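I set out to record, entry by entry, what I looked up in this structure. The order goes from the whole chain to its parts.

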Amino acid sequence: MVEYRIDRHSGVATYLQIVQQTKQALRLGMLRPGDKLPTAREVVEATAINPNTVLKAYRELERDGLVEARRGVGTFVRRGLSTAPADSPLRTELDEWATRAHTAGLDRDDVSALFTAVLDERFTDDHGEPSTDRPSRTGSTGSTGSTGTTDDKHSDKHSNQHSQGDPS
């Protein structure tokens, strides 16, 4: 079962965080057709958010055809988005890369900005639009609100440290 983590400082609406995290779980194969989502009450108890927020997120997922609400029973996954299973070799490579980035002194925002920049280069055309020659992967990344940017002061700090040979 998916456990939602709400970042109240992300600038992303709480219901969208739930939608994004659900879609990420679907993409990674952590949720599959037939799986039951946590009840609104369970999410409220775990995250201290308004039950209407959970219901709004579940309605959006239902509109997207991803889940189905069954009155009195719960909300169930109708279809998955799994194209890159959680145990894929690509995930292993990405995990190793993230470990190297962390060891090199990059923090989560730095890694997110770098990764987002590469995604933008690979998955958009010359006009900044989603590429038509490969499937679009735009939309939810499952992040809880990272915009893929870091403040200049923070970025400069890391580039200066790395250019001066500072290992931190």
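**Entry 1. Terms and overall layout.** Before anything else I noted what the element names stand for: helices and strands are DSSP runs, a helix having at least four residues and a strand at least two, and they are numbered from the N terminus. I also noted that the model is predicted. I then looked up the elements and found six helices and two strands in the chain. Read from the N terminus, their order is α-α-α-β-β-α-α-α. The chain has 168 residues, and 30% of them count as buried.

**Entry 2. Helix α1.** I asked how many residues of α1 are buried. The record I made is 10 of 14, so that α1 is mostly covered. Among the buried residues of α1 are Y15, I18, V19, A25 and L26, and Q17, Q20, Q21, T22 and K23 are buried too. I next checked the length of α1: at 1.5 Å a residue its 14 residues should span 20 Å, and its end C-alpha atoms are 20 Å apart, so the two values agree.

**Entry 3. The largest nonpolar core.** I looked up which residues touch the most other members of the largest nonpolar core. They are I18, L37 and Y58, in a core of 19 residues. The elements that give two or more residues to this core are α1 (14–27), α2 (40–47) and α3. Five residues come from α1, which is the largest share. As a general remark, nonpolar side chains tend to be buried together in soluble globular proteins.

**Entry 4. L37.** I returned to L37 and located this residue in the loop between α1 and α2. Is L37 buried or exposed? L37 counts as buried, because its relative accessibility is 1% and the cut-off for buried is under 20%. I also looked up the distance from L37 to V67: the two are 30 residues apart along the chain, and their C-alpha atoms are separated by 8.7 Å.

**Entry 5. A48.** In the loop between α2 and α3 I found A48. Its phi is near 60°, a positive value in a residue other than glycine. At 63% relative accessibility, A48 counts as exposed, because exposed means over 50%.

**Entry 6. The two strands.** I examined how β1 and β2 run, and recorded that they are antiparallel and joined by four bridges. E68 stands opposite F76 in β2. Three residues lie between the strands of this hairpin, where G72 takes a positive phi near 80°. I then asked which way the residues of β2 point. G74 and F76 point one way, T75 and V77 point the other way, and all of them are buried.

**Entry 7. The second largest pocket.** I looked up the space in the second largest pocket and noted about 330 Å³. Its lining has 18 residues, and L55, A69, R70, G74 and T75 lie nearest its centre. At least two lining residues are supplied by each of α3 (51–63), β1 (67–70) and β2 (74–77). By kind, the lining divides into eight nonpolar, four polar and six charged residues.

**Entry 8. Helices α4 and α5.** For helix α4 (residues 89–103) I repeated the length check. Its 15 residues should span 21 Å at 1.5 Å a residue, and its end C-alpha atoms are 21 Å apart, which agrees. Just after α4, G105 takes a positive phi of about 100°. I then turned to F115, which lies in helix α5 (residues 108–122).

Notes: Residues numbered from 1 in each chain as written. Predicted model: local features only at pLDDT ≥ 70, side-chain atom pairs only at ≥ 80, totals over all residues. Heavy atoms only, no water. Expected span 1.5 Å × (residues − 1). 1 Å grid on protein atoms, 1.4 Å probe; cavity = no way out; pocket = protein on both sides within 12 Å on 5 of 7 lines; lining within 4 Å. Points joined across faces, edges and corners; volume = space filled by probe spheres on them. Nonpolar A, V, L, I, M, F, W, Y, C, P; charged D, E, K, R; others polar. Pairing = 2+ DSSP bridges. Core = buried A, V, L, I, M, F, W, Y, C linked by side-chain atoms within 4.5 Å. Buried < 20%, exposed > 50% of the residue type's maximum accessible area, 1.4 Å probe, protein only.
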